[in-house]
Amino acid sequence: MNKNILVVASLRVQFNKHEVLNNLSFSVTRDSTVAIIGPNGSGKTVLFKALLGIVPYTGKIVWDNDAKIGYVPQKLSVAKDLPLTVFDFLHLRENDEKKINEVLILAGFNPKETKHIHHDMRVLNTRLGSLSGGELQRVLIASSLLGDPNVLLLDEPTSGVDAIGERTIYKLMSDLKKDKDLTIIFITHETEVVGKYADKVLELSHEH
Amino acid sequence: MNTNLLLLILAGSVVGAASGYLGSFMVIKRMSLVGDALSHVALPGIAIALLFGINPMLGALVSLMAAVLGIWYLEEKSEIYPEALVGIFFTASLAIGILITPEPELLEALFGNIENITIFDGVIIGLSGILIFSLTRFISKKLLLGVVSEDLAISSGINISKINLIYLALVGLVVALGVKFLGTLLTGALVIIPAVTAKNIAKSINSFHLYSIFLGILSVVLGILLSVAVNIPSGPAVVLVSIAFFIASFLFRL
């Protein structure tokens with residue numbers, strides 16, 4: 001049996017005396033896929049932020065020593081006129097152009113493609129704000145792969161994405177899991193994908 | 001060309017370049033109004049410096065740094081950006097500044113007019129320019145990642161709050177350098193207008209920074225030459241030149 005890559009025990013997160021997460025305990029086994037579901041405001045994104053150490057919490061969050069986390073935040077609202085191309089964005093965290101091309105390929109792009117993919121531009125030269133919802137999510141996934149993670153946290157990876165883009169992203173998730181032996185934890189509202197992709201489901205509710 | 005004019009143009013170019021570079025981040029951080037209002041805070045500092053006979057640039061710097069700490073604190077402590085509070089605070093400092101600035105220097109302090117520059121001022125501006133460029137370059141990737149997503153930046157181990165404080169302090173410094181040329185009411189324009197113009201024509205982040213720096217230099221140099229040629233104050237001349245570039249870029253975009 002695979003060992004745990006993450007153990008959470010008695011986790012509590014409070015904002016201004018409002019308890020968002022109360023006494024949450026669970027574990028995630030290595031190489032598994034865990035879906036986190038629950039209504040809006042049940043603390044799904046806050047749980048991710050606690051797992052990433054972005055928000056203060058009490059209780060225990062123990063990652064395995066060799067856990068390297070890649071994070072795909074919830075849908076970004078990028079201004080259309082922000083002069084930041086896909087290459088510029090990936091270059092913020094990685095200087096090696098070969099590595100940038102590598103993660104784009106992993107995220108289903110073809111950076112060397114001479115055929116224009118979007119607004120007559122090749123993906124590397126396309127502004128973030130000009131990408132479709134699905135393309136932007138895949139660029140964020142590419143970015144999360146830059147540090148060679150073995151765990152991916154994806155916060156609603158298909159929000160703002162059309163039906164075709166949605167299928168592409170879930171297919172990408174399962175391909176990445178197979179190719180890279182990733183542990184995947186993702187937040188979703190779509191209960192129909194949970195059964196198809198997740199080994200384990202964590203349901204958060206308002207009644208903590 | 002006389003030595004004084006040459007020194008003015010050199011120092012002005014450094015101020016224009018530094019304003020353009022810092023402004024390019026301010027515009028995409030959606031802080032343009034804060035940048036503009038921040039320059040008003042320099043006035044009480046200049047007034048106090050004039051009253052005590054010390055270098056007005058130093059007076060401006062001290063009051064700007066106090067304001068920068070204030071903005072940073074409000075940004076850190078409040079979930080919603082307290083824009084109204086910033087507006088009130090800056091207008092109040094402008095009102096106090098107008099009351100205490102000695103009458104003969106008031107117009108110049110408000111709208112800027114530089115005819116003479118000392119070697120000492122030139123050296124201070126040059127050294128500050130080097131500091132601004134090297135520090136901004138050092139924090140640029142972290143700043144930009146924070147613009148795209150604060151969560152992504154923090155989860156990458158970036159201390160966003162520290163980076164923002166360094167950035168605001170650099171903006172305070174560039175405004176202190178600019179007030180001699182453009183005055184406390186117009187200096188913000190040199191931080192904002194070249195950057196907005198550059199955003200209209202840039203295709204990538206590097207070209208955006210470069211255009212912004214270049215337009216900052218051009219605005220100051222052409223503005224100073226215009227002010228000398230037709231004998232008008234340097235502040236309005238520089239702003240009008242930068243606005244002419246903005247209109248041209250707007251037409252280019254159409």
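A salt bridge here is a side-chain nitrogen of Lys or Arg within 4 Å of a carboxyl oxygen of Asp or Glu. Keep that in mind while you orient yourself. You're looking at a predicted model, where local features need pLDDT of at least 70, side-chain atom pairs count only at pLDDT 80 or more, and totals for chains, interfaces and linings use all residues. Residues are numbered from 1 along each chain as its sequence is written, chains are lettered from A in the order in which they are written, and side-chain values use heavy atoms, with hydrogens and water left out.

Stop 1: Select K49(A) and D151(B): their side chains form a salt bridge, 3.1 Å from N to O.

Now colour chain A's side by class: you'll get 13 nonpolar, 3 polar and 5 charged residues (Ala, Val, Leu, Ile, Met, Phe, Trp, Tyr, Cys and Pro are nonpolar; Asp, Glu, Lys and Arg charged; the others, Gly among them, polar). In total, 21 residues of chain A are in contact with 20 of chain B, contact being heavy atoms within 4.5 Å.

**Stop 2: the core.** Show the largest nonpolar core, with its 147 residues (buried Ala, Val, Leu, Ile, Met, Phe, Trp, Tyr and Cys joined through side-chain atoms within 4.5 Å). Helix α9 of chain B, residues 160-201, supplies the largest share, 21 residues (helices are DSSP runs of H or I, at least four residues, numbered from the N terminus). F181(B) is one of the residues touching the most other members. Beyond four places in sequence, F181(B) touches residues including L8(B), V15(B), I117(B) and I224(B).

**Stop 3: V238(B).** Jump to helix α11 of chain B, residues 234-253, to find V238(B). Is V238(B) buried or exposed? V238(B) counts as buried because its relative accessibility is 2%, and the cut-off for buried is under 20% relative accessible area (1.4 Å probe, protein chains only). Among its contacts beyond four places in sequence are L182(B), L190(B) and V220(B).

**Stop 4: S128(B).** Finish in helix α7 of chain B, residues 119-148, at S128(B). S128(B) is buried too, at 10% relative accessible area. Its side chain reaches the backbone oxygen of I124(B) at 2.7 Å.

Key: Buried < 20%, exposed > 50% of the residue type's maximum accessible area, 1.4 Å probe, protein only. Helix = DSSP H or I, 4+ residues; strand = E, 2+ residues; numbered from the N terminus. Polar contact = N/O pair within 3.5 Å; in protein donor to acceptor, adjacent residues only side chain to side chain.
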